[in-house]
Amino acid sequence: MKVFVVMSHELLTEQMTELKNQLNCHEIIYLPEQLKDIWANIPPSGPWNDKWLADIISWLKSNMNREDIAIVQGEYGATVYLVNWLQKNGHAVYYATTERQVVETKTDEGTIINKRVFKHVNFRKYPLVK
């Protein structure tokens, strides 16, 4: 089984290990750069346009087999649209969950600096909407 990664960044080593060991994926496939650029730059203004994802969906149709899965995270509307399309076409779709930690540091000048640390926990399957 292959996993297709639809995200604007690369997976962490621990995420790749989880995919191989727990989801039994043998190959991790990222979007080609031109499609990753489309995914990372969904316009933030105006109404939704299905055409934004047409090339990505076309590529997934041409490359995914029935048993392949996807990891999808990105702009909310694009994510909902693509997860729905993948599920309707019989694919399991996952997202990464994280644990957030805030580290607060007081400086000598009397200011406080907050640093947010995100740690991968696991991949969770998107629920099917019934």
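**Where the labels come from**

Mentor: Let's begin with V5, which sits in strand β1. Keep in mind that this is a predicted model.

Trainee: What makes V5 buried or exposed?
Mentor: The relative accessible area of V5 is 2%. Buried means under 20%, so V5 counts as buried.

Trainee: And which residues is V5 in contact with, leaving aside its neighbours within four places in sequence?
Mentor: They are L11, I28, I29, Y30, L31 and I71. Contact here asks for heavy atoms within 4.5 Å. Look at I71 in particular: V5 and I71 are 66 residues apart along the chain, yet their C-alpha atoms are separated by 4.9 Å.

Trainee: What about T97, buried or exposed?
Mentor: T97 lies in strand β4. Its relative accessible area is 10%, which is under the 20% cut-off, so T97 is buried. Leaving aside neighbours within four places in sequence, T97 is in contact with K119, H120, V121, N122 and R124.

Trainee: How much of the protein chain counts as buried?
Mentor: Of its 130 residues, 35% do. In overall layout, the chain has 4 helices and 5 strands, and along the sequence they follow the pattern β-α-β-α-α-β-α-β-β. The C-alpha atoms fill a box of roughly 60 × 40 × 35 Å along the principal axes.

Trainee: How many of the contacts join residues at least 24 apart?
Mentor: It's 60%, counted among contacts between residues at least 6 apart in sequence.

Trainee: On to the helices. How do you know what span is expected for α4?
Mentor: α4 covers residues 76-88, which is 13 residues. The expected span is 1.5 Å times one less than the number of residues.

Trainee: What is found at the two ends of α4?
Mentor: At the start, a side-chain oxygen of E75 reaches to within 3.1 Å of the backbone nitrogen of G77. The cut-off for a polar contact is 3.5 Å. After the helix comes G90, with a positive phi near 85 degrees.

Trainee: Which residues of α4 are buried, and what do they pack against?
Mentor: The buried ones are A78, T79, L82, V83, W85, L86 and Q87. They pack against β1, α2, α3, β3 and β4.

Trainee: What makes α3 and α4 roughly parallel?
Mentor: Their axes are 12 Å apart and the helices pack at an angle of about 25 degrees. Angles under 35 degrees count as roughly parallel, so α3 gets that label relative to α4. The contact is made by I56, I57, L60 and K61 of α3 with Y81, L82, W85 and L86 of α4. As for handedness, α3 passes α4 in a right-handed crossing.

Terms used
Residues are numbered from 1 along each chain as its sequence is written. This is a predicted model: local features need pLDDT of at least 70, side-chain atom pairs count only at pLDDT 80 or more; totals for chains, interfaces and linings use all residues. Side-chain values use heavy atoms; hydrogens and water are left out. Buried means under 20% relative accessible area, exposed over 50%, partly exposed in between (1.4 Å probe, protein chains only). A polar contact is a pair of N or O atoms within 3.5 Å; within protein, one must be able to donate a hydrogen and the other to accept it, and residues adjacent in sequence count only if both atoms are side-chain atoms. Axes are lines fitted to C-alpha atoms, for helices over the stretch in contact, and angles run from 0 to 180 degrees between N-to-C directions. Angles under 35 degrees count as roughly parallel, over 145 as roughly antiparallel, 65 to 115 as roughly perpendicular and the rest as oblique. A crossing is left-handed if the near helix is turned anticlockwise from the far one by less than a right angle, and right-handed if clockwise.
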